[in-house]
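Here is a short briefing on a protein model. Look over the sequence and the structure before reading on.

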Amino acid sequence: MDLDAITKYSALHAKPNGLVLQYGTAGFRTKAEHLDHVMFRMGLLAVLRSKQTKSTIGVMVTASHNPEEDNGVKLVDPLGEMLAPSWEEHATCLANAEEQDMPRVLMDISVKAAVNLQQDAFVVIGRDTRPSSEKLSQSVIDGVTVLEGQFHDYGLLTTPQLHYMVYCRNTSGQYGKATIEGYCQKLSKAFTELTKQAFCSGDEYRSLKVDCANGIGALKLREMEHYISQELSVQLLNDGTKGKLNHLCGADFVKSHQKPPQGMEMKPNERCCSFDGDADRIVYYYLDVDGHFHLIDGDKIATLISSFLKELLLEIGESLNIGVVQTAYANGSSTRYLEEVMKVPVYCTKTGVKHLHHKAQEFDIGVYFEANGHGTVLFSKAAEIRIKQLAKELEDKKRKAAKMLENVIDLFNQAAGDAISDMLVIEAILTLKGLTVQQWDALYMDLPNRQLKVKVADRQVISTTDAERQVVTPPGLQEAINDLVKKYKLSRAFVRPSGTEDIVRVYAEADSQENADSLAHAVSLAVFQLAGGVGEPPQPGF
Ligand code: 16G
Ligand code: MG
């Protein structure tokens, strides 16, 4: 390591004194103007990680659904997974080292992680459409270059596409070609083959309105469009030509406000969906004939997909195990439907894709979705091999089912949850099953629910257990929640410190919207009183 060169170049990306950031569930995320040094340093760290794993590492510059002024960065590990936890700590240490200490901290990491500095390094870089992203990704490249790492800058990509590129490169092209064409070809081929199996593909199933959050999803869906135009016509809205990124639009807006995004003209019963700012989240929705808005969130997506997979497995007569992974935010009705009606085992993990992903890897087929629309289906290597074998061996209807499963494997981006790939799977399933959006929605009725935020002096005073469903500290808070929950029917509530904002999140559900609202408010007050609330106590009404 040329420490002099590092010191010299680092000074061009100097850290503001005293700024402390943490590599959280979604990497580093804050105002774009505070991130230049972090980007440079993540370039350095990516080189070390690449040397250590002897693999290509990804660096994605994005702040997902955050406002346009924010930005962020995360590293992608060799098989397209999120960065290993021990390296998240290294990332935090490196990002927070004061300017003069940085080279030493970098050396410490390379010693601690037993990095062979002689090893070659290769880093791939992607970025979203934020105005700040281009310059920030250049800072990542500066970091990579100073440590003499090789790199390929993909420029504009969705987050899942970068995961895909990393995965392809580290599996010698077996998974697919590490190019945008490769991505589009792989997904569209599987999509086309799968939808061909439908008896009818009546026009009513074939068009979809997509709110692209004024982000990268619009550009990348445009590129995909001509590969799939025979089967599906997509109408892109909020495509970034006018509006601001994530402003009054996108999956996060639609999910949290439970209303359509701006710029979306919806006719009754028309199927619509929204991506988030880096296209790794998707939610569907429609207006009924009375003009009521219906949200179809990640829970209902998981239900649709797992029931389809279960039918195919039944058809081929193979006893591959299937499990659904959710978080505490999953609507109680969805969990009940999956367990009691569909007889699928359901597991709950902490919030954050990596936790769900990890759990889903325990099954032959692991379906995981957060209610907010992050998710995918993972097939174990053994399941994939078995299914491919059956698609050759079996006959007639069974063979057809095995072939469809094979297409589903190819269609899901196995490296990460991906709005484009999820959208294609959902569209294919709706076509194959001849389901309208209302019929899909009618699988079960969501329990009314409410989410609130509470400001406290230090959100870390709240610690939780049981996949965030129970509070451990501060003392008395869980008892208070239990007492409140008892007052309502079909009720449930939990609180957890946010991993991305300086607040505590409150979730409540109950038999009516009024009761869910009232329970959420009562729980917010308990948090405010017992966990050091600041400012005005929470007021009822929303
Ligand atoms: C991040 C996570 C998301 C999670 C959210 C929770 C990834 C890629 N993203 O956006 O999965 O739902 O954080 O935010 O892991 P919160 O901690 O503020 O509630
Ligand atoms: Mg996102």
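The protein exposes about 22200 Å², and carbon and sulfur atoms supply 50% of that area. Areas follow the Shrake-Rupley method with a 1.4 Å probe, and for residues only the protein chains shown count as cover. This is a predicted model: local features need pLDDT of at least 70, side-chain atom pairs count only at pLDDT 80 or more, and totals for chains, interfaces and linings use all residues. Residues are numbered from 1 along each chain as its sequence is written, chains are lettered from A and ligands numbered from 1 in the order in which they are written, and side-chain values use heavy atoms, leaving out hydrogens and water.

**Fold and packing**
- The protein has 18 helices and 19 strands, taken as DSSP runs (H or I, at least four residues; E, at least two) and numbered from the N terminus.
- Of its 542 residues, 59% are buried, meaning under 20% relative accessible area (1.4 Å probe, protein chains only).
- The C-alpha atoms fill a box of roughly 65 × 60 × 45 Å along the principal axes.

- S64 sits in the loop between β2 (56–61) and β3 (70–76), and D276 in the loop between β8 (272–275) and β9 (282–287), 212 residues apart.
- S64 is buried at 3% relative accessible area, and D276 is buried at 0%.

Key
Buried < 20%, exposed > 50% of the residue type's maximum accessible area, 1.4 Å probe, protein only.
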